[in-house]
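These are my notebook entries on a structure that I had not examined before. I record what I looked up, entry by entry.

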Amino acid sequence: MTAPMTATPLYDRPRFRHCGDCAVLVEYGEGIDLSVNRKVHAMARALRGQPVVGIQTVVPAYRTLAIVYDPLAIPLKGLEGRILALEAELGADVLAPPRTVDIPVCYGGAFGPDLEFVAAHSGLAPEEVIHIHSRDPYPIYAVGFAPGFCYLGGLDPRLHTPRLPTPRTRVAAGSVGIAEAQTGVYPADSPGGWRLIGRTPLNLFNPLKSDPFLYQAGDQIRFVPTSPADYDRIRSLEDP
Amino acid sequence: MTDVFRVLAPGPLTTVQDRGRVAFQHMGVPISGGLDAFALRVANRLVANAADAAVLESTLVGPRLEVLCPADIAVTGAATALTLNDRPEPGWTALRVGPGDILDLGAADNGCRAYLAVGGGIAVPPIMGSRATYLGGRFGGLEGRALQAGDILKRGPADLLARPRHLPWFPLYGTTIILRAVPGPQDDFFRSALKVFFQAPYTVTAQANRMGYRLEGPVLSREPQAPASIVSEPIVAGHVQVPADGQPIILLTEQTIGGYAKIATVITPDLFKVAQAKPGDTVRFASVTLEAAHGALGEWTAYLDRIDELLSA
């Protein structure tokens, strides 16, 4: 089950794995890889843009796209044929630059109680940790685990930090943290073991809004350092 | 909207559910919804509700409710010791209730989850296209939580039924269930374990809830070269995932993405049997081809349509 050694982890053409009677997984390549992930999201967007009769939902992840379908409305062979034909048409869209969503973050202090630990662990000054963390945008490989939770790629290896030995029983919504090679934001209050380095004043997820999310998988996120005063100002504009 | 029930005793886990929240899975929002889609559908049909109306789903023990206005109700799913003012009443039948009546669903003696529909539907604000309670996200249904004593539930507008409706037969869930399943998506990880999986009986453990059903039985070993986990990928209801301990878990509708390999997927027409299984029950899996699964779905859909027709006559 190990991938053959090739220059790119991308498959020549998508492969299908069946998930029972009403879903099929479309696989684009091996491992966690941005070129594979871009293919997944390009197809997800194409299918949302021009709905195919019989396809009920599409759910993208790192290297796979789940297609939930009604086999009584579209036979599986017909569905797979449509996907392969659409794939052949897509090509150029995959290269379109992703949308970048800015997320203001107030680093350190009460919002980032573990910033000092991450700095000490990496041998950097806290200001350097903030600079490195907020320098480059992070691709959103997938959204899942909890509503609006982003699986982000691209954390600088210098900032990789182990999780807390004992998770906190409550982490406030908006907290920005690091766990091993991952960085991310808690969209809602929850227990959690990530090292917290800051907090965003934005509501990442508001189920009562007609558009409850600020981003989607396939976008990228950039963290923008923000002062406590700006944090308070933005926070006061958000719904409680 | 009219006040219809005051909750006197909620039961261990009673939530407002409908067909589920399907449109935001790509954003990490799971479907939730009634786990026994068949019982939910029939309950709504018995009181002439639209198919997307919200109902109450109870677990093992149903709620005790004071009725606050005239209404038609129907209880389906698990067979419970249903009483109206201490008189036994049948399930799978529309009942007329009125102010001051005490409706007690009682304990399930066949199955696990009962569904209570009321004409007009349980009225809670739809959130992201559904009234289903998502307990993990603390939204949907009644304030995103299970019912509590003292809660007042409202119903939507509805005319009372001109004629009583009744389903002349209903499922007996039993304590051994056979679930038809299609191997995959990662059946190649478990080539030699597939035989065990489709032969051995498994027992439902106490860790069985709306997230999933953890089973106990012969260990399902991965092929030596198969990785211990996979790159996280989307999950559908009915996936049977196998974590490192080799004990299978049937996943339901409260998760969108996961990183364990799946040996097989239970077919849609058999998912209601999982919803009605209790800790201690026996589960057997029967292998079906994808073609057979699609045939079974066609028959199941035709059967549901016949029930709809029968109940609207």
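Entry 1, the nonpolar core. I worked on a predicted model, and I began with its largest nonpolar core, which holds 155 residues. I asked which of these residues touch the most other members. I found them to be B:A43, B:V55, B:I73, B:L116 and B:A117. I then looked up the surroundings of B:I73, leaving aside its neighbours within four places in sequence. B:I73 is in contact with B:V47, B:L95, B:V97 and B:L103, and also with B:L116, B:A117 and B:V118. Two of these partners, B:L116 and B:A117, I had already listed among the core residues that touch the most other members.

Entry 2, the contact between the chains. I looked up how many residues of each chain take part in the contact. I noted 36 residues of chain B in contact with 39 residues of chain A. On the chain B side, the elements that give two or more residues are strand 15 (233-234), strand 19 (262-266) and helix 4 (290-312). Helix 4 of chain B supplies the largest share, six residues. By class, I recorded 20 nonpolar residues, 15 polar residues and one charged residue on the side of chain B that touches chain A.

The domain assignment gives domain 1 as residues 10-95 and domain 2 as residues 100-237 of chain A. I noted 30 Å between the centres of the two domains, taken over C-alpha atoms. Eight residues from domain 1 and seven residues from domain 2 make up the contact between them. On the domain 1 side, helix 1 (residues 34-49) of chain A gives the most, with four residues. That side of domain 1 consists of five nonpolar residues, two polar residues and one charged residue.

I traced an open sheet of seven strands in chain A, in the order 7-6-13-5-12-9-10, and its pairing is mixed. Which strands stand at the edges? They are strand 7 (150-152) and strand 10 (182-185) of chain A; each has a single partner strand, so one side of each is left without a neighbour in the sheet. From one strand to the next, the twist averages 40°.

I looked up strand 9 (residues 175-179) and strand 12 (residues 195-199) of chain A, which run antiparallel and are joined by four bridges. Within this pair, A:S175 stands opposite A:R199 in strand 12 of chain A.

How values were computed: Residues are numbered from 1 along each chain as its sequence is written. Chains are lettered from A and ligands numbered from 1 in the order in which they are written. This is a predicted model: local features need pLDDT of at least 70, side-chain atom pairs count only at pLDDT 80 or more; totals for chains, interfaces and linings use all residues. Domain bounds come from an automatic or database domain assignment. Ala, Val, Leu, Ile, Met, Phe, Trp, Tyr, Cys and Pro count as nonpolar, Asp, Glu, Lys and Arg as charged, and the others, Gly among them, as polar. A nonpolar core is a set of buried Ala, Val, Leu, Ile, Met, Phe, Trp, Tyr and Cys residues joined through C-beta atoms within 7 Å. A residue is buried if 20 or more other C-beta atoms lie within 10 Å of its own, exposed if 12 or fewer, and partly exposed in between; C-beta atoms are placed from the backbone. Two strands pair if DSSP finds at least two bridges between them. Axes are lines fitted to C-alpha atoms, for helices over the stretch in contact, and angles run from 0 to 180 degrees between N-to-C directions.
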